[in-house]
Amino acid sequence: MNNKLIQKAINMCDKAYAPFSNYHVGAALELHSGKIIGGCNVESSSYGLTCCAERVALFCAIAEGHNNFKSMAIATKNDGMPCGACRQVIWELCGNIPIYICNMKGLVKTVYMNDLLPDAFDKKKLK
Ligand code: THU
């Protein structure tokens, strides 16, 4: 567990664009190099176009050329868990990494992707 990672996820909540739900989510993705990449949720007046904080962080990292992910911290006011769509994308890009679930005070619990998305559909089926 990495305090800088958790603080980054908490700080990213301030960046959220969430005028419709007012539910701010911050994510921080840790690379094996030690680098940390942040994400926040970005909502749309066409609600379905909203992108979650976890996917914003992952897509920023991929766009910057990274592909070696060690862990992710997710912060909300009430210990929110990643949605189903984000679980699928995290599994795709990160595999069985630890996810640090946080609120504004810090770490609440650590969960592994294997437990969040058991028996996942993934690229192994597409060979
Ligand atoms: N949200 C996330 O950013 N991550 C999740 O895993 C769950 C939901 C956002 C989407 C939307 O902006 C707000 O939280 C309420 O659903």
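A crossing of two helices is called left-handed if the near helix is turned anticlockwise from the far one by less than a right angle. In this predicted model, the crossing of helix 2 and helix 3 is of that left-handed kind. Helix 2 covers residues 53-63 and helix 3 covers residues 84-94. Their axes come within 9 Å and cross at roughly 25 degrees. Angles under 35 degrees count as roughly parallel, and helix 2 and helix 3 are therefore roughly parallel to each other.

The model also holds a ligand. The residues around the ligand are Ser 21, Tyr 23, Val 25, Asn 41, Glu 43, Thr 50, Cys 52, Ala 53, Glu 54, Met 81, Pro 82 and Cys 83. Sorted by class, this shell consists of seven nonpolar, three polar and two charged residues.

Several polar atoms of the protein face oxygen of the ligand. An N or O atom in the side chain of Asn 41 is 2.9 Å from a ligand oxygen atom. For Ala 53, a polar backbone atom is 2.9 Å from an oxygen atom of the ligand. A polar backbone atom of Cys 83 likewise lies 2.9 Å from a ligand oxygen atom. The ligand taken alone exposes 370 Å², and the protein buries 78% of that area.

Note on methods:
Residues are numbered from 1 along each chain as its sequence is written. This is a predicted model: local features need pLDDT of at least 70, side-chain atom pairs count only at pLDDT 80 or more; totals for chains, interfaces and linings use all residues. Side-chain values use heavy atoms; hydrogens and water are left out. A residue is near a molecule or strand if one of its heavy atoms lies within 4 Å of it. A polar contact is a pair of N or O atoms within 3.5 Å; within protein, one must be able to donate a hydrogen and the other to accept it, and residues adjacent in sequence count only if both atoms are side-chain atoms. Accessible areas come from the Shrake-Rupley method with a 1.4 Å probe; for residues, only the protein chains shown count as cover. Ala, Val, Leu, Ile, Met, Phe, Trp, Tyr, Cys and Pro count as nonpolar, Asp, Glu, Lys and Arg as charged, and the others, Gly among them, as polar. Axes are lines fitted to C-alpha atoms, for helices over the stretch in contact, and angles run from 0 to 180 degrees between N-to-C directions. Helices (H or I, at least four residues) and strands (E, at least two) are DSSP runs, numbered from the N terminus. Angles under 35 degrees count as roughly parallel, over 145 as roughly antiparallel, 65 to 115 as roughly perpendicular and the rest as oblique.
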